[in-house]
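This report goes through one structure, part by part. Keep the sequence and the 3D view open while reading.

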Amino acid sequence: MKIVVDQEECQGHNRCVVIAPELFDTDDYGYAHEMEGGVVPPELEEKARLAAANCPESAITIIEDN
Ligand code: SF4
């Protein structure tokens, strides 16, 4: 699984960082970006889905492995 934060959509609520600090970080302006190239380890997949579901801007895209 991978995650991508759409920089155009992100409004900097930081909910994703609160839910999954292992997967998201913020820049100096509070906007979020994915860490580790967006690669999600299996044990963090549930957190990644929770963060995406709780993003008010729907700015987080989940890309499932095939
Ligand atoms: S929850 Fe969504 S809008 Fe808020 S910082 Fe994270 S990606 Fe951006």
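## Ser58 and its loop

Ser58 is placed in the loop between helix 2 and strand 4, the latter covering 60–63. The model is a predicted one. Is Ser58 buried or exposed? Ser58 counts as exposed because its relative accessibility is 58%, and exposed means over 50%.

The backbone of Ser58 has a feature to look for. Its phi is positive, about 50°, although Ser58 is not a glycine.

## Glu36

Glu36 belongs to the loop between strand 3 (32–34) and helix 2. Here too phi is positive in a residue other than glycine, with a value near 55°. The relative accessible area of Glu36 is 68%, so Glu36 is exposed.

## Asp27

Asp27 is found in the loop between strand 2 (24–26) and strand 3. With a relative accessible area of 31%, Asp27 is partly exposed. This class applies because the value falls between the cut-offs of 20% and 50%.

Asp27 can also be located relative to Gly12. The two are 15 residues apart along the chain, and 9.3 Å separates their C-alpha atoms.

## The nonpolar core

How many residues does the largest nonpolar core have? It has 18 residues. Those with the most contacts inside it are Ile3, Cys16, Leu23, Phe24, Val40, Ala48 and Ile60. Strand 1 (2–5), helix 1 (15–19) and helix 2 (45–54) are the elements that give two or more residues to this core. Helix 2 gives the most, with 3 residues.

In soluble globular proteins, nonpolar side chains tend to be buried together.

## Val5 in strand 1

Val5 lies in strand 1. Is this residue, Val5, buried or exposed? Val5 has a relative accessible area of 6%, so Val5 is buried; the cut-off for buried is under 20%.

## The ligand and its cavity

The structure holds 1 cavity of 30 Å³ or more. The largest cavity has a volume of about 90 Å³, and the ligand sits in this cavity. Its lining is made up of 13 residues, among which Cys10, His13, Asn14, Cys16 and Cys55 lie nearest the centre. By class, the lining has 8 nonpolar, 4 polar and 1 charged residues.

Technical notes. Residues are numbered from 1 along each chain as its sequence is written. This is a predicted model: local features need pLDDT of at least 70, side-chain atom pairs count only at pLDDT 80 or more; totals for chains, interfaces and linings use all residues. Side-chain values use heavy atoms; hydrogens and water are left out. On a 1 Å grid over the protein atoms alone, a cavity is a set of points where a 1.4 Å probe fits but cannot get out, and a pocket is an open set with protein on both sides within 12 Å along at least five of seven lines; lining residues have an atom within 4 Å of a point. A molecule sits in a cavity or pocket if more than half of its atoms lie within 2 Å of its grid points. Grid points are joined across faces, edges and corners, and a volume is the space filled by probe spheres set on the points. Ala, Val, Leu, Ile, Met, Phe, Trp, Tyr, Cys and Pro count as nonpolar, Asp, Glu, Lys and Arg as charged, and the others, Gly among them, as polar. A nonpolar core is a set of buried Ala, Val, Leu, Ile, Met, Phe, Trp, Tyr and Cys residues joined through side-chain atoms within 4.5 Å. Buried means under 20% relative accessible area, exposed over 50%, partly exposed in between (1.4 Å probe, protein chains only). Helices (H or I, at least four residues) and strands (E, at least two) are DSSP runs, numbered from the N terminus.
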